[in-house]
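Below are my notes as numbered points, to be read with the model open beside them.

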Amino acid sequence: MATLGNQKELRLAFGVHRAPTDAPANVVRQIESEAHALALSILSGHHKLAYIAACIGKSVSYVSRLSTGERPIPEKLVKPLCAATGTNLLSQYKALQAALEDCSTTRLVQLMRNAA
């Protein structure tokens, strides 16, 4: 005889059953923020917020706040979000911003050395 009280909800480990794909470079260059990248990833995959939330183990309202920019996206959620949406757009955008930041810092250092 089965008991009803011992069963727990099984959450999805990964949303998509294949590796996330890279977005085209021209799309990555048009992204304005991390929230914009996440919102576009969700929209392009025709995913519901509830599905993404279940995949990463968070609430729907939290995922909504991430996608609207009300909350910053923690680094530890970038890969799970990419896996859930099926696209690496968010991680590509973060990598592009890091590269631009490094380039601008190097250039500023060179300009200051030349001015001194």
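1. A residue is called buried here if its relative accessible area is under 20%, exposed if over 50%, and partly exposed in between (1.4 Å probe, protein chains only). With that cut-off, 29% of the 116 residues of the chain count as buried.

2. A word on the ground rules. This is a predicted model, in which local features need pLDDT of at least 70 and side-chain atom pairs count only at pLDDT 80 or more, while totals for chains, interfaces and linings use all residues. Numbering runs from 1 along each chain as its sequence is written, and side-chain values use heavy atoms, with hydrogens and water left out.

3. On to the overall fold. The chain has six helices and zero strands, where helices (H or I, at least four residues) and strands (E, at least two) are DSSP runs numbered from the N terminus. Along the sequence the pattern reads α-α-α-α-α-α. Taking contact to mean heavy atoms within 4.5 Å, residues 24 or more positions apart supply 66% of the contacts in the chain with a separation of 6 or more.

4. How do helix 2 and helix 4 pack? Helix 2 (residues 34–44) meets helix 4 (residues 60–68) at an angle of about 120°, and their axes are 6 Å apart. Axes here are lines fitted to C-alpha atoms, for helices over the stretch in contact, and angles run from 0 to 180 degrees between N-to-C directions. Angles under 35 degrees count as roughly parallel, over 145 as roughly antiparallel, 65 to 115 as roughly perpendicular and the rest as oblique; helix 2 and helix 4 are therefore oblique to each other.

5. The residues behind that contact are Ala35, Leu38, Ala39 and Ile42 from helix 2, which meet Val63, Leu66, Ser67 and Thr68 from helix 4. The contact of helix 2 with helix 4 divides into six nonpolar, two polar and no charged residues. For these classes, Ala, Val, Leu, Ile, Met, Phe, Trp, Tyr, Cys and Pro count as nonpolar, Asp, Glu, Lys and Arg as charged, and the others, Gly among them, as polar.

6. Ala39 and Leu90 are 51 residues apart in sequence, and their C-alpha atoms are 9.5 Å apart in space.

7. Next, the pair formed by helix 5 (78–85) and helix 6 (89–115). The axes of helix 5 and helix 6 come within 8 Å and cross at roughly 140°, so helix 5 and helix 6 are oblique to each other. On the helix 5 side are Val78, Leu81 and Cys82, which meet Leu90, Ser91 and Lys94 of helix 6. By class, the contact of helix 5 with helix 6 has four nonpolar, one polar and one charged residues.

8. Is Leu81 buried or exposed? Leu81, in helix 5, is buried, with a relative accessible area of 1%. Not counting residues up to four places away in sequence, Leu81 touches Leu38, Ile52, Ile56, Leu66, Ile73 and Leu90. Between the C-alpha atoms of Leu81 and Ile42 there are 9.3 Å in space, for 39 residues in sequence.

9. Now some loop residues. Asn88, in the loop between helix 5 and helix 6, is buried at 16% relative accessible area. Leaving out residues up to four places away in sequence, Asn88 touches Pro20, Thr21, Asp22 and Cys82. Ser59, in the loop between helix 3 and helix 4, is partly exposed at 38% relative accessibility.

10. Please check the backbone at His46, where phi is near 55°, a positive value in a residue other than glycine. His46 lies in the loop between helix 2 and helix 3 (49–56) and is exposed, with a relative accessible area of 74%.

11. Last, the rings. A charge sits over a ring if NZ of Lys or CZ of Arg is within 6 Å of the ring centre and within 35 degrees of the ring normal. The charged end of Lys58 sits over the ring of Tyr62 in this sense, 5.9 Å from its centre.
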